[in-house]
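Keep the sequence and the structure in view while reading.

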Amino acid sequence: MRKHVLTVIVGVVVGVSLLLYMFAFQVRESEVAVLLRFGKASSDLPQPGYHFKLPWPIEEVRKFDSRINVSEGRFEETPTRDKRNITLSLCVGWRVSDPLAFNQNFGRLAEEDRMQQAWNRVEGYVRDSALAVMGQHDLNELVSVDRDKLKYDAIEDSILQASNDRAKKTYGISFVLLKLRRLELPESATQNVYKRMIAERNLEATKIQQEGLANATVIRANATTEKEKLLARARSEAEALKGQGDAEAAQHFGVFAKNPALAIYLRKIRALQETLKTKTTIIVDPTIPPFDLFSQGFTGTINKPSVTEAPAVSPRPTN
Amino acid sequence: MAEEPKNPVPDGPANEPGDVQPAFDEASASLADALRTSFSVLTFIIVLLLVVFLLQGLFTVQSDQKAIILRFGAYEEGRVKDQGIHYAFPYPIDRVVPIWVRPRKLEVNTFWRMISEEAKDQKMEKGREMPKPVEGAENAVMLTGDLNMLQAQWDVTYRIRPQDKKAVVDYYRIIGEGKAGEINEERLVRGALQSAAIRETASMKVFDIYPRNKEVLVEAVKKSLEETLDRLQCGLEVERITLRELRPPDQVRQAFDNVLATSQAMAELRVTANREREKVLIETAGEVGIQLGSSLEKWWAAKDAGNTEEMQKIEDEMSKTFLLAGGQVQTILGEAKTYKSQVVESAKGDASIMDSLLKNPAQIQVFLDHARVDALQEVLNACYEKYYYNAATDKAHRLLELWLNRRPELIRAATKPIESR
């Protein structure tokens with residue numbers, strides 16, 4: 001009995017495997033598939049998972065990669081609306097969105113050639129759409145220091161939509177990503193731009209130099225002004241201090257009023273000392289003490305105050 | 001030698017059924033044994049194969065991996081596995097798709113010259129072999145908003161969003177596995193970065209980003225690239241973008257370098273001028289000179305703005321700071337203080353002398369004479385040149401001629417003829 005059970009199990013396993021191989025197929029999450037009955041595609045598209053079919057040659061399954069394919073467009077020259085030529089290249093992400101249409105165009109091709117052939121067909125649509133859309137926009141919608149003027153999103157969406165309309169209907173391909181990957185000026189314009197850039201930079205250098213020299217001059221001039229201001233303030237404060245000194249000194253002037261002539265005489269002596277301190281050339285004669293010693297000896301009276309030696313200008317104190 | 005028959009069981013009517021039965025039984029028994037043995041072996045093999053088949057469902061996920069389990073090719077919610085050992089039914093029931101989640105780095109050299117002008121010149125000059133072009137370089141440029149051109153070398157580090165299983169599934173659905181997946185992933189990220197670079201550069205002035213503030217451009221490009229990847233829902237995120245090189249094309253580089261050199265020279269000139277200013281201010285007012293200079297600038301600014309309150313505040317601060325001033329200010333103030341002190345002390349002294357003299361009138365004349373002679377002595381001692389001329393004895397009323405000059409050589413020259421006479 002045990003022998004029969006095992007035989008049955010083995011038979012069932014082998015049989016089921018063969019049947020599954022002939023009558024079932026899987027569609028992966030990253031694939032789309034088309035079921036063909038006698039070569040005619042069924043509109044009922046199998047979703048990712050396990051499905052049954054009749055064996056070949058009655059039914060056949062074709063699977064296509066549904067992941068994004070990223071292709072790079074050619075470098076094309078095109079005029080903008082304001083008659084400025086630009087060169088551009090696009091980065092395009094596309095995928096199979098209509099397996100039936102895709103199968104109709106590329107189903108018979110070998111799997112390794114299929115995607116490249118598909119891109120070759122739709123690339124023209126993208127190029128045509130790009131040229132048409134660029135002709136509706138000015139250059140400053142692509143290049144401008146005013147960010148609000150830039151219309152990259154609108155331009156890219158327009159190209160994508162225009163390309164999608166044709167590619168989806170004809171080839172079952174949808175564009176899911178379209179980006180400008182290069183944007184430049186044509187070679188002829190580039191040379192002019194180089195010349196302009198050099199001229200602008202030279203002007204910029206001159207401007208920077210002039211501004212720098214002017215700034216340095218201003219800084220130095222400010223330094224002089226600040227110095228003068230500080231010194232002026234210092235002098236002002238110095239005058240105030242002197243004034244305070246004079247005012248304070250004046251408090252002691254009361255005693256001078258008792259004998260103004262004597263006070264003035266004392267002041268003159270001090271002034272003489274102060275003013276003839278250095279680098280003075282002086283001519284003296286015998287009338288000036290002590291040079292009177294050249295011409296005469298002591299003329300006074302012992303124990304009496306001398307009057308002969310008193311200066312003519314010297315005021316005598318009044319008692 | 002006669003050949004023996006191969007068949008041990010003889011044919012012909014001579015052989016009776018009763019004679020062969022044991023032989024059949026023995027053969028049947030042997031066959032049964034052989035079949036039993038074979039069946040046992042087959043059973044063992046089948047069981048072994050079944051076990052091996054089932055054990056094939058064991059798989060490990062590395063720390064920098066995630067794994068998606070597809071049941072009959074379809075993804076079922078929650079079947080993304082983290083690091084560890086897991087089990088899934090072997091193919092064709094389940095299929096395990098490993099997805100690397102570690103960061104990837106991509107160099108984008110599109111906007112770079114293939115071979116620099118210098119390298120070409122070197123080749124021409126020295127007969128060297130042409131250097132290898134930069135990988136991925138297309139001699140492309142990025143146009144700035146003010147219609148200048150820049151070239152750049154970019155690096156982008158990106159990865160599948162960590163701790164996000166949905167991102168892993170999105171990545172598988174959009175980009176997928178295998179060599180084709182790798183190529184598409186690279187093209188997608190490179191294309192999106194190129195797009196972000198030209199788009200963001202096109203809105204900036206050249207000197208807003210070159211030679212300084214490159215990080216402004218990098219930040220904008222990163223943001224733009226992230227938006228593109230998010231919109232595509234491919235599960236990728238940008239970890240870091242680096243702008244390895246940014247410079248104008250070779251054709252205009254000299255002009256840009258001149259601007260930079262001039263800028264640098266002017267910056268140095270400004271620094272020099274500021275140092276000179278500081279020196280002047282320090283000479284004028286010592287260590288607080290710079291502070292006082294700045295206060296003056298603020299004071300003028302406040303005056304221009306008509307802000308009297310601010311002017312007063314600055315004035316008060318300056319008054320305090322002024323007390324700490326050194327340099328010429330200190331000299332002026334010091335002299336004033338000295339004057340003040342002297343004038344007061346002098347007045348005090350004179351007053352004291354006056355007071356003393358007035359109290360002793362008999363000594364006044366003697367004191368005054370002494371004071372006069374002392375003063376004359378002091379003055380004459382300090383004199384640079386002294387001439388004694390006795391006019392009283394000069395009956396001829398001769399004219400006294402003096403040659404006065406502070407320069408000794410002139411005096412010598414002038415007096416020489418006289419001496420020689």
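A residue is called buried here if 20 or more other C-beta atoms lie within 10 Å of its own. By that criterion, 26% of the 421 residues in chain B are buried. The model is a predicted one, and every value below is computed from it. Chain B contains 12 helices and 10 strands. Of the contacts in chain B with a separation of 6 or more, 68% are between residues 24 or more positions apart.

Chain A has 319 residues, and 28% of them are buried. Its secondary structure consists of 6 helices and 10 strands. For chain A, residues 24 or more positions apart supply 68% of the contacts with a separation of 6 or more.

In β8(A), 9 of the 12 residues are buried, so the strand is largely enclosed by the rest of the structure. Several strands pair with β8(A). Strand β6 (residues 69–72) of chain A is antiparallel to β8(A) and joined to it by 4 bridges, with N69(A) opposite W94(A). Strand β7 (residues 76–79) of chain A also pairs with β8(A) in the antiparallel sense, over 4 bridges; here P79(A) has N85(A) as its bridge partner. The hairpin of β7(A) and β8(A) has 5 residues between the strands, and K83(A) takes a positive phi near 65° in it. Strand β9 (residues 173–184) of chain A pairs with β8(A) over 10 bridges, again in the antiparallel sense. One position in this pairing is R95(A), whose bridge partner in β9(A) is S174(A).

Elsewhere in chain A, 3 strands make an open sheet with antiparallel pairing, in the order β3-β2-β5. Its edge strands, β3 (40–41) and β5 (59–65) of chain A, each pair on one side only. Strand β2 (residues 31–37) of chain A is linked to β3(A) by 2 bridges, and L36(A) is the bridge partner of A41(A) in β3(A). Helix α2 (residues 99–106) of chain A packs on this sheet and touches β2, β3 and β5 of chain A, its direction making about 70° with that of β2(A).

Two packed helices are described by the angle between their axes and the distance between the axes. The axes of helix α4 (residues 178–201) of chain B and helix α6 (residues 214–232) of chain B come within 8 Å and cross at roughly 130°. Angles over 145 degrees would count as roughly antiparallel and those from 65 to 115 as roughly perpendicular; α4(B) and α6(B) are therefore oblique to each other. Their crossing is right-handed. Residues of α4(B) that meet α6(B) include A192(B), L193(B) and A196(B), and among those on the α6(B) side are L217(B), V221(B) and L225(B). The residues of this contact comprise 9 nonpolar, 4 polar and 2 charged.

Finally, how many residues does each chain bring to the contact between them? Chain A brings 105 residues and chain B 106 residues. On the side of chain A that touches chain B, helix α5 (residues 187–250) of chain A gives the most, with 34 residues. That side of chain A has 54 nonpolar, 22 polar and 29 charged residues.

Definitions and conventions: Residues are numbered from 1 along each chain as its sequence is written. Chains are lettered from A and ligands numbered from 1 in the order in which they are written. This is a predicted model: local features need pLDDT of at least 70, side-chain atom pairs count only at pLDDT 80 or more; totals for chains, interfaces and linings use all residues. Two residues are in contact if their C-beta atoms, placed from the backbone, lie within 7 Å. Ala, Val, Leu, Ile, Met, Phe, Trp, Tyr, Cys and Pro count as nonpolar, Asp, Glu, Lys and Arg as charged, and the others, Gly among them, as polar. Axes are lines fitted to C-alpha atoms, for helices over the stretch in contact, and angles run from 0 to 180 degrees between N-to-C directions. Angles under 35 degrees count as roughly parallel, over 145 as roughly antiparallel, 65 to 115 as roughly perpendicular and the rest as oblique. A crossing is left-handed if the near helix is turned anticlockwise from the far one by less than a right angle, and right-handed if clockwise. Two strands pair if DSSP finds at least two bridges between them.
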